[in-house]
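Please work through the exercises below with the sequence and the structure open beside you, and try each task before reading its solution.

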Amino acid sequence: MISESIITIKGLTKDFPVGSGYFRALNEVNLEFGRGEFAGLIGPSGSGKTTLLNIIGSLDTPTKGEVIVLGKDISHLNSQESASLRKEKLGFIFQSYNLLPVYTVYENVEFPLLLLNLPETERKKMVMEALEWVGLTQKVKSRPSMLSGGECQRVAIARAMVKKPIIVLADEPTANLDAENSHHILRTMATLNQELNTTFIFATHDEKVISYLKRRITLADGSLVSA
Amino acid sequence: MIRFLFKGLLRDRQRSLLPVIIVASGVFLTVFLHSWLTGVMQDGIELNARFITGHMKIMTRAYSLDKDQLPNDLAITGSNELTDSLNSRFQEAGWYQRIRFGGLIDVSGSNGETRAQGPVFGIGIDLISGNREEIKRLNLETSVKSGHLPRKAGEILISNEFANKLKVRVGDKVTLIGSTMNGAMAMYNFTIAGTVEFGTSSLDRGTILTDLIDAQAALDMEDACSEIVGYQKTGYYDDELASGIEDCFNELYSKEDDEFSPVMSRLSEDNQMAQLLAYSGKFSGIMIAVFILAMSVVLWNAGLLGGLRRYGEFGLRLAMGESKGQIYRSQFYESVMVGIIGTIAGTILGLAASWYVETYGINLGGIMKNATMMFPSTFHARITPAAFYIGFIPGLVSTVLGTMLSGIGIYKRKTSQLFKELEA
């Protein structure tokens, strides 16, 4: 039973054109996510996990069906509105960290707040708080090239969390990390989920991640197997 | 946000230093080539004006029709009076009589037989009267390679190359064999006072300079001359002024039904000069257009490659909540910054190189040795006011245009595609 529904997916189908035909990545998916969930989309490569995550994140649109995220129908958002949704309510964590290499740790984490036009003093407070969550307050002036993979992913988590989004979408966040760093990262995210009541949705086939999930949604060939 | 982006731009050399170098290089080439071509054209025009066409030229109507044949039987008579009249009526210019003639130079041996002979082009100008205007105009003092300028009647200057070919030296006597104004054979002895290098292959091949009075004596042209050339006192050719003087003169002095009446033409009406003047005006425009096109392609590619390299960054920024429009605008601002910095750097370098070539010149005499048109052997650049801003057209416009064109890819690609490239 979901307490406060923030994502509702009904009859979601996504086709990608391939040659003269198309490839069906998602087929009639129905799902619902509540506030504060720690859920994961599980399945092998090509099962549609990333496609589903992209549509929830308003980076892509459905071919058919309805996806309502925080009260907004993704199919009907224009470019500005979907950008605004991502800017204010969503956080992303990527497999390969994707930190901006020319900026320091502090500046990378500050970036989402600049888009929100927050004053500098407030930005500073929020950045330092986020870096404290991930234990990197000593590395504020370091560039990504000076950090380990685990530290880079912690910076990425801080960047995703700094604006305190309602939903964080994490696509294979531990794929490039060793076991120790993976557990560290996952513990951090689990703690933030508890403390900030942020909804985390993972796309993963990593057993370590799966072991931390409170809800497991299995996909196979674009269809929902279990939710 | 602007400060944030600017910081990134400065730190990422592939986004700042490399494009600035590309833009600066293109602008450098544009500025330098503009100055160089302007200099070459103007050097050519001025050289021709100094030696051949003048800013304005008076000939008889009949002479003007066959002027390339140097038909001195159709020369101006009563030239002294006409010159005085011109000097008093048209004081915006100075007026000088000249005789142009062709013939043979014969060099005799110790027994009086011909030792060497060659066709010659001669110019009779005022060399020894004490008025040094023509000497200055033709830059003769610094062109003398050996000997000295003629000091008395019967002395000539001979082009250095021609003297070497004839194996004559300063002090040797040579005989001009030609045709008098009346069509009789002319033979006149001269003494070589000095050898000169005119700096233009067509003159250096075989030219002598005589005093006007000597030429008149040699060719039976007393109180006559081939042409009267006029030079505007500003030192620069002004077509509008020349046109006004020309109209006034022709109305007063020229009669259409009298082939021996004088007629004035101006520099821009000379066949070769007209083309050269037209080219010099259009050439810069064509060159700038070609450069804008070429640089747009280069910078478009640079922008495209830079853009492709940054699709990952764009994907991230989209995920963070920036809109495509914001990213496109930030690219625009970046390209404006890169364009301005690159253009200023390129313009400074271009002006420095142009100044060097303006001062010292580049000697291309070897290439120009067979030229039939008069061009200087040493080419100089000429820095004009346009050189200070011409680089902004390709430097700024093309850079921004190239970036804008490559940036369209952001709009053409789906957000999810950019996002996938981020993950690639």
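This is a predicted model: local features need pLDDT of at least 70, side-chain atom pairs count only at pLDDT 80 or more; totals for chains, interfaces and linings use all residues.

**Exercise 1.** Determine how helix H3 and helix H5 of chain A are oriented to each other, and which residues make their contact.

*Solution.* Begin with the axes: helix H3 (residues 105–115) of chain A and helix H5 (residues 149–161) of chain A come within 7 Å of each other, and their axes cross at roughly 30°. Angles under 35 degrees count as roughly parallel, and H3(A) and H5(A) are therefore roughly parallel to each other. The crossing in which H3(A) passes H5(A) is right-handed. On the side of H3(A) the contact is made by Val105(A), Asn108(A), Val109(A) and Pro112(A), while H5(A) contributes Val155(A), Ala158(A) and Arg159(A). Sorted by class, the contact of H3(A) with H5(A) has five nonpolar residues, one polar and one charged.

**Exercise 2.** Describe the packing of helix H2 and helix H13 of chain B.

*Solution.* The axes of helix H2 (residues 17–53) of chain B and helix H13 (residues 324–360) of chain B come within 7 Å and cross at roughly 35°. H2(B) passes H13(B) in a right-handed crossing, and the contact of H2(B) with H13(B) divides into 16 nonpolar, eight polar and no charged residues.

**Exercise 3.** Describe the interface of chain B and chain A by its residues, its buried area and its salt bridges.

*Solution.* Start with the residues: 26 residues of chain B are in contact with 29 residues of chain A. The area buried between the chains is about 2500 Å², of which carbon and sulfur atoms give 60%. Finally, two salt bridges are found across the interface of chain B and chain A. A salt bridge also joins Glu107(A) and Lys7(B), whose closest N and O atoms are 3.0 Å apart.

Technical notes:
Residues are numbered from 1 along each chain as its sequence is written. Chains are lettered from A and ligands numbered from 1 in the order in which they are written. Side-chain values use heavy atoms; hydrogens and water are left out. Axes are lines fitted to C-alpha atoms, for helices over the stretch in contact, and angles run from 0 to 180 degrees between N-to-C directions. Helices (H or I, at least four residues) and strands (E, at least two) are DSSP runs, numbered from the N terminus. Angles under 35 degrees count as roughly parallel, over 145 as roughly antiparallel, 65 to 115 as roughly perpendicular and the rest as oblique. A crossing is left-handed if the near helix is turned anticlockwise from the far one by less than a right angle, and right-handed if clockwise. Contact means heavy atoms within 4.5 Å. Ala, Val, Leu, Ile, Met, Phe, Trp, Tyr, Cys and Pro count as nonpolar, Asp, Glu, Lys and Arg as charged, and the others, Gly among them, as polar. Buried area is the accessible area (1.4 Å probe) that two parts lose on being put together, summed over both. A salt bridge is a side-chain nitrogen of Lys or Arg within 4 Å of a carboxyl oxygen of Asp or Glu.
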